[in-house]
Amino acid sequence: MSVPTVIIHRDADVLAKAVAARLITRLVDDQAAKGSASLVLTGGTVGIATLAEISASPARDAVDWRNLDIWWGDERFLPSGDSERNETGARKALLDNVDVDPARVHVMRGPDSGMTAEESAEAYAEELRRASRPEDHGPAPSFDVLMLGMGPDGHVASLFPGMPALYDTRPAVAVHGSPKPPPTRITLSLPVIQGAREVWVIAAGEEKSAAVRLALSESGTMQVPAAGARGRQRTLFLLDRAAASKIPASLGRISSP
Ligand SMILES: O=C1O[C@H](COP(=O)(O)O)[C@@H](O)[C@H](O)[C@H]1O
């Protein structure tokens, strides 16, 4: 697993713009090298703001949107179209505005599919298994970029401190009793997150600063799930100044004005 690099931007607005620019470049590079790319989206404030910035950027047309596989790190188990679903936010902010291939947009299904949360998680796990190739060495693709928001409690995706999903090794699992509403969710498991080539943890705001510090320390993932958010080749903590305010200088922070 890679050692995190910390990059700090002035505020949440600059952070979202900078992550959008970084992501466009990353996808263009991956598509130039391999013909296609894979991306895992996050919900949450900065995650959706980043997608809106991509949508607003003229450079978005440099991405071959039809040759991109889009997955989610987690989903709130709510019906299609519910405004609280991460999918709904992503579609509104970006996916409705670019020419994605619907067959390559891998949605975590909600209760309107007729499935229970467990069945939906297993269906997603099966979709991940089918998409995995021998070179991925696991039951899910080694995503090019996996983006994660982070809660003030240190949760990433829907992996909350102390919850059994953190021990689960299936590719996708159901979560019940989430401390953040809604209580029922679907999430990628930690091994799948750690199988991604690049993991980008994106956080803004002073209320995240203590969790950011712990996520960059030797904390256990049961206490601080974000401490397990590490990519195979690269891990980035992309922060605004407020979220980075408790990081020790020894962590080698790179700051922008
Ligand atoms: O519920 C969720 O929260 C986190 C973080 O959200 P934020 O609004 O505090 O940035 C998000 O990463 C996750 O995908 C989402 O389901």
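Strands (E, at least two residues) and helices (H or I, at least four residues) are DSSP runs, numbered from the N terminus, and two strands pair if DSSP finds at least two bridges between them. The model toured here is predicted, so local features need pLDDT of at least 70 and side-chain atom pairs count only at pLDDT 80 or more, while totals for chains, interfaces and linings use all residues. Residues are numbered from 1 along each chain as its sequence is written, and side-chain values use heavy atoms, with hydrogens and water left out.

**The sheet**

Select strand β5 (residues 145-148) together with strand β8 (residues 198-203): the two run parallel and are joined by four bridges. Within this pair, Val 145 has Glu 198 of β8 as its bridge partner. Strands of a sheet pair through backbone hydrogen bonds, either parallel or antiparallel.

**The ligand**

Display the side chains of Thr 45, Lys 208 and Thr 42 in turn. An N or O atom in the side chain of Thr 45 is 2.6 Å from an oxygen atom of the ligand. For Lys 208, a polar side-chain atom lies 2.9 Å from a ligand oxygen, and for Thr 42 the side-chain N or O atom is 3.1 Å from one. Of the 390 Å² of accessible area that the ligand has on its own, the protein covers 93% (Shrake-Rupley method, 1.4 Å probe).

**Two loops**

Finally, turn to the backbone. Select Pro 182, in the loop between β6 (172-175) and β7 (185-188): the peptide bond from Pro 181 to Pro 182 is cis, with omega near -5°. Then select His 137, in the loop between α4 (117-131) and β5. Its phi is near 50°, a positive value in a residue other than glycine. Most residues other than glycine have a negative phi, and most peptide bonds are trans.

Terms used
A polar contact is a pair of N or O atoms within 3.5 Å; within protein, one must be able to donate a hydrogen and the other to accept it, and residues adjacent in sequence count only if both atoms are side-chain atoms.
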